[in-house]
Amino acid sequence: MTALKAGDRFPEGVDFSWIPYTEEKKSITSCGIPQTYNASKEFADRKVVLFAVPGAFTPGCSVRHLPGYIEHLNEIKGKGVDLIIVIAMNDAWVMSAWGKANGIKNDKIMFMSDSGIAFSKRIGWTRGADRTGRYAMVIDHGKIVYAETEPGGDVTVCLDEVQWDNIKADFCEVSGAEAVLSKL
């Protein structure tokens with residue numbers, strides 16, 4: 001387990017699982033066939049923003065983390081970013097449904113599974129034994145230019161609206177869209 005840092009090369013042998021968006025499978029209840037995405041190969045010639053969340057459809061991820069990337073999508077892409085990818089511990093079908101539920105089409109943001117949290121375990125950025133950590137990185141043609149994981153605890157459980165009001169709005173201090181945008 002070695003955390004990645006600025007200046008490192010993105011590691012070899014990193015694969016994610018995903019279901020590319022297609023119009024014929026645009027319904028949230030439509031399944032596709034999961035495909036292996038060779039991140040090591042695909043990131044070698046592109047500028048990539050990769051962010052990880054503990055779980056699709058969870059309140060912190062759906063209400064506080066992902067919306068920033070949707071809101072700042074054009075600004076991030078305007079900084080020369082080729083790919084924006086979100087990963088979580090969920091399988092490819094859940095990640096695909098999460099993208100559809102958020103109105104993301106045509107791979108503007110690619111929703112992928114960190115199957116068995118293999119990548120997150122490899123870099124030591126997990127939340128417990130079975131969840132992806134909350135982190136972000138910028139990879140520019142295979143080189144890490146930014147990589148940070150959220151310090152301290154994390155919110156991954158279901159909370160009611162009153163409880164949400166008591167949570168800091170900035171719990172995505174280093175992995176949120178604004179933080180990443182400031183590093184591009």
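Analyst: Buried means under 20% relative accessible area, exposed means over 50%, and partly exposed lies in between, with a 1.4 Å probe and protein chains only. The model is predicted, so local features need pLDDT of at least 70 and side-chain atom pairs count only at pLDDT 80 or more, while totals for chains, interfaces and linings use all residues. Residues are numbered from 1 along each chain as its sequence is written, and side-chain values use heavy atoms, with hydrogens and water left out.

User: Why is D140 called partly exposed?

Analyst: Its relative accessibility is 28%. Partly exposed covers values between the cut-offs for buried and exposed, so D140 counts as partly exposed.

User: What makes C61 buried or exposed?

Analyst: C61 has 0% relative accessibility and therefore counts as buried. In helix 2, P59, G60, H65, L66, G68 and Y69 are among the buried residues as well. Of the 184 residues of the protein chain, 47% count as buried.

User: Where does C61 lie, and what is listed for C61 in UniProt?

Analyst: C61 is in helix 2, residues 59-71; a helix here is a DSSP run of H or I with at least four residues, a strand a run of E with at least two, and both are numbered from the N terminus. An unreviewed UniProt entry lists C61 under "active site"; such annotations may be inferred rather than shown by experiment.

User: Which residues does C61 contact?

Analyst: Contact means heavy atoms within 4.5 Å. Leaving aside neighbours within four places in sequence, C61 is in contact with V53, P54, G55, L66, P67, W98 and R134.

User: Why are strand 8 and strand 9 said to pair?

Analyst: Two strands pair if DSSP finds at least two bridges between them. Strand 8 (residues 135-140) and strand 9 (residues 143-149) have 6 bridges in the antiparallel sense. One of the bridges joins Y135 to T149 in strand 9. The two strands form a hairpin with 2 residues between them.
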